[in-house]
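Please look over the sequence and the 3D structure shown here before reading the briefing that follows.

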Amino acid sequence: MTATEHLAEPTLARPAIAARQLFIGGRWVEAVDGGRTEIVDPSTTEVITTVAEAGAADIDAAVQAARAAAPAWAALPARERARILNRVSLLMRERADELVATESIDVGKPVSLCRPVDVTTAANQYEYYAGLAQAIEGSTRSTDFPALAYTLREPVGVVAAITPFNFPLILSSTKLAPALAAGNTVVHKPADIAPLSALLMGEIFAEAGVPDGVVNIVSGLGPVAGDALLNHSGIDKIAFTGSTAVGRHAAAVAGEALVPITLELGGNAAQIIFEDADLDKAIGSAIKAFVFNTGQFCMAGPRLLVHSSLYETVLGILSQAVPGVPLGDPFDPETVIGPMAAEQHRTKAEGFIAQARAEGGRIVTGGGRPDLPGYFVEPTVIADLPNDSRVVQDEVFGPLLTVQPFDTEEEAIAMANSTAYGLASGLVTENVARAHRVAAQLDAGIVWVNDWAMLDPTMPFGGVKSSGHGREYGPEALDAYTRTKSVLVSLA
Ligand code: NAD
């Protein structure tokens, strides 16, 4: 996901994680009702720690703290906000081992992925938006009035940032970095099953000099803490990343309250291998697109569309190559595929494999459960399913790849665009004209040619159709965290 050079990963020990409290108004506090959530290491299934479980009273305290801190943070010169965000980025890099180990034990993410992807991307985002903080500006306009007319871009106020389990650090920084750069304060609710890196960031924010109350971090359950946050009248903006089902609920709440919302929701991307593809690139990209983060990523490419002239060749290569991708302990620096993040996610992935078998799908490789203690699923390649199979159409969110043949460019584009989702899409071709022609016709917020999952803070990211609306990353993200005011001063 980043172009960062992949250095050899040092061996990290499994960390002992202290019990965590809520971070509200710059203080660490217990939930008012004393509730706690157990956090499980998905690669051992052991409880590793507990975190405070926020209820409505805690959410209210967090929103009040964010409201109290908002005027001073918005009034701070942008250069000062930028300095603080740069310190956040620096401290993340200094404490990278701790962040890597925390993210890995919480989500089962291989350390080989956590450092170059999760920690680096998140630190880059604070740096990038620190750089943009002083570039948030209005403009003067020429009007028919004898007036000085100009626009101001102001922070929206208090942002509710709700994030899912699969890339906790990145998805939190994707919201917090632009929101803070633009002068907003934040109440952040991370995923129930993966709150540890977000809570660790509370220490980093305090150490970096983020004023008390500017960032509040409240772990808790979605239908309790998440819902209380969505419904709180002190929220000025909702930034939600998660499933399409919960996103619809969030959008309905925001619609009723007339609160602006950005929605980064589910995905089910297709990758098209054309007959003129470089096969090495195609296979590398296809494997990355479905095993990366054990398939638990919104921009995964679980649907591979292969020109019929290459169909059996590609299946043959995948059947040999996929079992060789190292799977196992996320703390082993060689591991590429870790466990699913929780038991219910493995159950769902295994349900899709069973359904594929029942529908006559050909299991080309995988299909089983590795003999390991954690929530592992074998990376599985399935051929010959019809395009209307739920296994093809639904978001699987696990290490499964369906492979389907096509004959013409038009057919491939129609198949790629045939699901409810539209987050990412991709193609592999050596034909430059085809690359641009097809990219323009894919219904997706981002298109990759000849590789997968190239994400950069400078490039906008977001969905179409049921994958959501609004854009994160790039200068575009700042639009979601600012509002424009017109001022006309009569000169008559
Ligand atoms: P989820 O929708 O179950 O949960 C997301 C967040 O919403 C969590 O913090 C959860 O606690 C909270 N939540 C749950 N119910 C809620 C409610 N009733 N009210 C308020 N908040 C509630 O998603 P998940 O299982 O954690 O994550 C996987 C999903 O996230 C996938 O669909 C994936 O595609 C999507 N995702 C999208 C992007 C993107 O950028 N588009 C990125 C990562 C993940």
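Which residues are buried in α3? In α3, the buried residues are Ala96, Leu99, Val100, Ala101, Thr102, Glu103, Ser104, Ile105, Asp106 and Val107, where buried means under 20% relative accessible area, exposed means over 50%, and partly exposed lies in between, with a 1.4 Å probe and protein chains only.

This is a predicted model, in which local features need pLDDT of at least 70 and side-chain atom pairs count only at pLDDT 80 or more, while totals for chains, interfaces and linings use all residues. Residues are numbered from 1 along each chain as its sequence is written, and side-chain values use heavy atoms, with hydrogens and water left out.

**Helix α3**

- Helices (H or I, at least four residues) and strands (E, at least two) are DSSP runs, numbered from the N terminus.
- Helix α3, residues 96–107, has twelve residues and reaches 16 Å from its first C-alpha to its last, which is close to the 16 Å expected at 1.5 Å a residue, the expected span being 1.5 Å times one less than the number of residues.
- Ten of the twelve residues of α3 are buried, so this helix is largely enclosed by the rest of the structure.
- The buried residues of α3 pack against β3 (36–41), β4 (46–52), α2 (78–94), α4, α5 (168–181) and α6 (196–208), where contact means heavy atoms within 4.5 Å.
- Just after α3, Gly108 takes a positive phi of about 80°.

**Domains and nonpolar cores**

- The chain is divided into domain 1 (22–265 + 466–488) and domain 2 (270–457), with bounds that come from an automatic or database domain assignment.
- The C-alpha centres of domain 1 and domain 2 lie 30 Å apart, and the contact takes 32 residues from domain 1 and 32 residues from domain 2.
- A nonpolar core is a set of buried Ala, Val, Leu, Ile, Met, Phe, Trp, Tyr and Cys residues joined through side-chain atoms within 4.5 Å.
- The largest nonpolar core has 80 residues, of which Val88, Met92, Tyr126, Tyr129, Met201 and Phe205 touch the most other members.
- Helix α4 (residues 111–132) gives the most to this core, with twelve residues.
- Both domain 1 and domain 2 give residues to this core, so the core lies between them.
- Leaving aside residues up to four places away in sequence, Phe205 touches Val88, Tyr126, Leu176, Val210, Val215 and Ile217.
- A second, separate core of 30 residues includes Val158, Ala160, Ala250 and Val253.
- In soluble globular proteins, nonpolar side chains tend to be buried together.

**Aromatic rings and charges**

- A search of the whole structure finds nine aromatic pairs, where rings of Phe, Tyr and Trp (its six-membered ring) pair if their centres lie within 6.5 Å, and planes under 30 degrees apart count as stacked, over 60 as edge-to-face and the rest as tilted.
- The rings of Tyr128 and Tyr129 have their centres 4.9 Å apart and their planes at 80°, so this pair is edge-to-face.
- Tyr128 counts as buried at 19% relative accessibility, and Tyr129 counts as buried at 1%.
- Phe461 and Tyr473 form an edge-to-face pair as well, 5.9 Å centre to centre and with 65° between the planes.
- This pair links distant parts of the chain, twelve residues apart, with Phe461 in the loop between β18 (446–449) and β19 (468–469) and Tyr473 in the loop between β19 and α15 (476–480).
- Ring pairs also link Phe167, Phe292 and Phe297 into a cluster.
- Lys109 lies over the face of Phe167, at 3.6 Å from the ring centre, and Arg20 lies over the face of Trp28, at 5.4 Å from the ring centre.
- A charge sits over a ring if NZ of Lys or CZ of Arg is within 6 Å of the ring centre and within 35 degrees of the ring normal.

**Positive phi values**

- Most residues other than glycine have a negative phi, and most peptide bonds are trans.
- Asn293, in the loop between α9 (279–291) and β13 (303–307), has a positive phi near 55°, and Asn293 counts as buried at 4% relative accessibility.
- Tyr473 has a positive phi near 65°, and Tyr473 likewise counts as buried at 4% relative accessibility.
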